Protein chains: 2
Amino acid sequence: MVKTLEWGLDGTLRLLDQRNLPFETGYVECQSYRQVADCIKTMVVRGAPAIGITAAYGMVLAAAEAVQDDFYDAPDGDTGSVCARVEEQLAAAAETLKAARPTAVNLAWAVDRMLSKYRTKRQQVSEWGELLRCLEEEAQLIHEEDVLVNRQLGILGAELVTPGDRILTHCNAGALATGGYGTALGVIRRAWEVTGDVHVLVDETRPRFQGARLTSWELLQEEIPHTVITDNSAGWLMRRQELDIVFVGADRVAANGDVANKIGTYSLAVLAHENDIPFYVVVPSSTVDLALPSGEEIPIEKRSPAEVTEPLGSRVVPEGTQALNYAFDVTPNRFVTGIITEAGIAHKPYTVTLQKLLG
Amino acid sequence: MVKTLEWGLDGTLRLLDQRNLPFETGYVECQSYRQVADCIKTMVVRGAPAIGITAAYGMVLAAAEAVQDDFYDAPDGDTGSVCARVEEQLAAAAETLKAARPTAVNLAWAVDRMLSKYRTKRQQVSEWGELLRCLEEEAQLIHEEDVLVNRQLGILGAELVTPGDRILTHCNAGALATGGYGTALGVIRRAWEVTGDVHVLVDETRPRFQGARLTSWELLQEEIPHTVITDNSAGWLMRRQELDIVFVGADRVAANGDVANKIGTYSLAVLAHENDIPFYVVVPSSTVDLALPSGEEIPIEKRSPAEVTEPLGSRVVPEGTQALNYAFDVTPNRFVTGIITEAGIAHKPYTVTLQKLLG
């Protein structure tokens, strides 16, 4: 299976360039945290858990850059200066990486975890090479944990699927959006493994077509039956009862269970509710932001209008017409049937259940 | 202003090729009813009222073809044979034209009106040339009536708009979809004329981008402020109260007020209802099918999956992935705030009010 991101022994982060999928599988190599931030911003890599992991490796690169720079600048080795340099660099990297995309909380979560690891290890380790190895191990741990968590999410979520179910998913919450396996798509993967009898309806997910391009690509590789639909069709399929259950990922879940996810998710949740179709959100605990009381406070990224006006690079609106491009929306908790985390499935009232499971 | 369709003195129907808008304004010329049917099917011309008018002219061409053919076949002029030929041809044309697209009732309505005119005139007129002129006049009348009706819809609908309103519309229900002026877009046009202070949010309308391509093009020409959004964004803008009122056209309204319209309309109506935003349907009476008790019986066209898999001609899904493409959906009457017709605005219960206004 193609890997979304790979940390090389040579200290290079290789990112699958998701902008060109499914037709080209090229990689972008990052040797600096700035390159990493740029790849997150331009969506070479996307998906809340995946950009968290990517940012963690970005922090490793930041530290390595500082140590390396200093090594060349001051070959006689002034430890005090290296220390100041590394800390300054990590602070700058943390800020740049967090700012790359504002909505997904995993980015901040992973960066803060790396900073925390640095602060702990700095007290214990005297040699820069060893400290770098500790940071590298922490990033790898974040990566590995995510895959394990995804597997657990899959096991828990698949129990909600009945053989024959027609499952809707939005955007891409698969291996490409995570360390591997996937959140919402991990549940679908597992349900397919267990039942051998599901059909996936894939929202194409305008403006960037992550469903049409990425989710279908993942499903094809495992020969899971699927059909792409326009985002416009999902409500109608619900109304026709041609759809049994919805699984989506998320970019941030507030303490009260409000869910920020790819634009269009709110509409799906309202429509599922209207048609008595279960609507589940599948997230690692790193996506749950217990510090945020409600979805009102989640920053919602607006992206370039060109994503709307130039689908696949071809202009569709006349010159002079403007576009508005919210990348995410927030679904109020009352439309969410359940939130599947690795610690268990939370139901309403989420303020209580999420705290209990993850607090 | 560019004309959607034009009947030439030489007996040629010129149709603006809407497939290439907004970047090319080319015309397709039709000299036979089969060409007309083909243009309707391939969406050279689209929009319920516009395809009704087009089909009416198609019936004129059908009659002219039959008379003409016979003129050449039997130059000595056997009126009985011409009569049989014309009737056979009109029956065939009626069937072909009606089958071109199944959902919009205006197509059948216009074709039946032409057949009815033929049957009446055949009794009264002995000369074929004169009978053709009668049919031509009837088609032109259907065309002219539609424009007048649109103006009336605009006047009635604009009264519902408050200065400063942010108005959402879906697909294209403008001059391009009608004989001129437009239904939903006619209301918006009129509201702009009256208030000079509206902002139009234009759903791009996947898969064929009629909003992005056509509605924005019409709005630009009259310098009406507007912004294109993805279909995915409409619900979120409603939730944020960045949108005040919705006007859409329709392809068929059943006697109980259920509304068939472009795919995605059902979702918008549910979302508007959820967010207490008025949702109006704007139609000429020719779109109201009082013979149909409810929307359950409206035939819903499925179009080629390629419209989904190849946006603007570029493939977006991997080889092997299928797509499903319902072109329309049906909105249950309870989500419709009002149905604006030229005879007045109907409110619930529509079974009573539509019958009273239009029966």
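1. N275(B) counts as buried because its relative accessibility is 7% (buried is under 20% relative accessible area, with a 1.4 Å probe and protein chains only). This is a predicted model, where local features need pLDDT of at least 70 and side-chain atom pairs count only at pLDDT 80 or more, while totals for chains, interfaces and linings use all residues. Residues are numbered from 1 along each chain as its sequence is written, chains are lettered from A in the order in which they are written, and side-chain values use heavy atoms, without hydrogens and water.

2. N275(B) sits in the loop between helix 9 and strand 10 (279–282) of chain B. Its side chain reaches the backbone oxygen of L271(B) at 2.9 Å. Beyond neighbours within four places in sequence, N275(B) is in contact (heavy atoms within 4.5 Å) with Y266(A), plus G235(B), M238(B), R239(B) and Q241(B).

3. Now the interface: 58 residues of chain B contact 58 residues of chain A. The buried area is about 4700 Å², with 63% from carbon and sulfur atoms (accessible area, 1.4 Å probe, lost on putting the two parts together, summed over both).

4. Chains B and A share four salt bridges (a Lys or Arg side-chain nitrogen within 4 Å of an Asp or Glu carboxyl oxygen). E204(B) and R206(A) form a salt bridge through their side chains, at 2.6 Å, N to O.

5. Strand 6 (residues 226–229) of chain A pairs with strand 12 of chain B in the parallel sense, over two bridges (pairing takes at least two DSSP bridges; strands are DSSP E runs of at least two residues, and helices H or I runs of at least four, numbered from the N terminus). T227(A) has Q322(B) as its bridge partner in strand 12 of chain B.

Technical notes:
Buried < 20%, exposed > 50% of the residue type's maximum accessible area, 1.4 Å probe, protein only. Polar contact = N/O pair within 3.5 Å; in protein donor to acceptor, adjacent residues only side chain to side chain.
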